[in-house]
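Have the coordinates open while you read.

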Amino acid sequence: MPSKHTPNYNLSQWEAEDKVLRTDFNADNARIDAAIKAVDQKAERKADQTALEEACAAWPYVRVAEYTSRSAASRLNVDVSAVDFTRYHKIELFFEMPGAGVPVTLHVNGAGCDGSLYYSYRYVGASGSGSGSSLPYLADLGSGGFGMVLFFQPCAGRSVTCVNFKMGDPYHSYMISGGAAWDKVKTFNLVGSTPLPVGTKVTIFGLKK
């Protein structure tokens with residue numbers, strides 16, 4: 001049997017006077033086989049992770065921003081100052097609120113949050129009854145505890161424009177524009193007639209160009 005072994009994998013190292021046994025060779029081969037297999041598995045995991053990361057990077061529909069409130073407040077500000085909206089074909093905003101009964105409106109860059117900038121938004125059209133040339137908000141999310149806003153393609157220098165879906169009887173959808181140009185958007189703001197509860201959530205998705 002060998003009188004010495006390698007420092008890393010404990011492989012046999014024979015001196016001239018050592019007796020060479022078949023079992024020593026078999027043990028060495030088993031250690032080498034296990035070590036090579038471990039290297040192969042690590043390489044496979046790295047390749048799989050790289051492929052997954054590349055697929056995620058190439059996937060066009062992505063989460064742009066997410067916000068969940070940790071305290072009750074009448075106004076929630078979703079910071080999107082780091083987002084270049086002009087890189088997206090479209091933007092979608094989803095709103096969820098624990099419970100219901102609190103009327104909520106959506107604003108951009110704080111315009112109209114305190115009612116002082118009533119003419120910040122333009123009422124483009126509606127699917128149901130009602131008309132008007134100006135509004136104090138970009139979208140009326142209602143009081144049902146959830147809502148959805150679809151934005152027209154963001155372009156630099158053009159006003160934020162969206163279709164606001166509001167559940168009710170009858171059902172309405174509203175096209176509203178204003179508040180800021182897409183390349184100037186810093187925050188989306190949710191304003192409630194009473195404090196919005198803890199856990200109120202806003203998720204914004206975008207379709208990359």
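1. Bear in mind that this is a predicted model. Searching the whole structure turns up three salt bridges, and the points below take them in turn.

2. Start with arginine 63, which pairs with glutamate 66; their closest N and O atoms sit 3.3 Å apart. Arginine 63 has a relative accessible area of 51%, so it counts as exposed, just past the cut-off of over 50%. Glutamate 66 comes in at 44%, so it is partly exposed.

3. Glutamate 66 also forms a salt bridge with lysine 201, with 3.6 Å between the closest N and O atoms. This one ties together distant parts of the chain: glutamate 66 belongs to strand 3 (residues 61-68) and lysine 201 to strand 13 (residues 201-208), 135 residues apart. Lysine 201 is partly exposed, at 27% relative accessible area.

4. Now for the remaining pair. Lysine 90 and glutamate 92 meet through their side chains in a salt bridge, 2.8 Å from N to O. Are the two partners buried or exposed? Lysine 90 is partly exposed at 35% relative accessibility, whereas glutamate 92 has a relative accessible area of 9% and is therefore buried, the limit being under 20%.

5. Which residues end up in one network through shared partners? Arg63, Glu66 and Lys201 do. Glu66 is the link here, as it bridges to arginine 63 and to lysine 201.

Note on methods
Residues are numbered from 1 along each chain as its sequence is written. This is a predicted model: local features need pLDDT of at least 70, side-chain atom pairs count only at pLDDT 80 or more; totals for chains, interfaces and linings use all residues. Side-chain values use heavy atoms; hydrogens and water are left out. A salt bridge is a side-chain nitrogen of Lys or Arg within 4 Å of a carboxyl oxygen of Asp or Glu. Buried means under 20% relative accessible area, exposed over 50%, partly exposed in between (1.4 Å probe, protein chains only). Helices (H or I, at least four residues) and strands (E, at least two) are DSSP runs, numbered from the N terminus.
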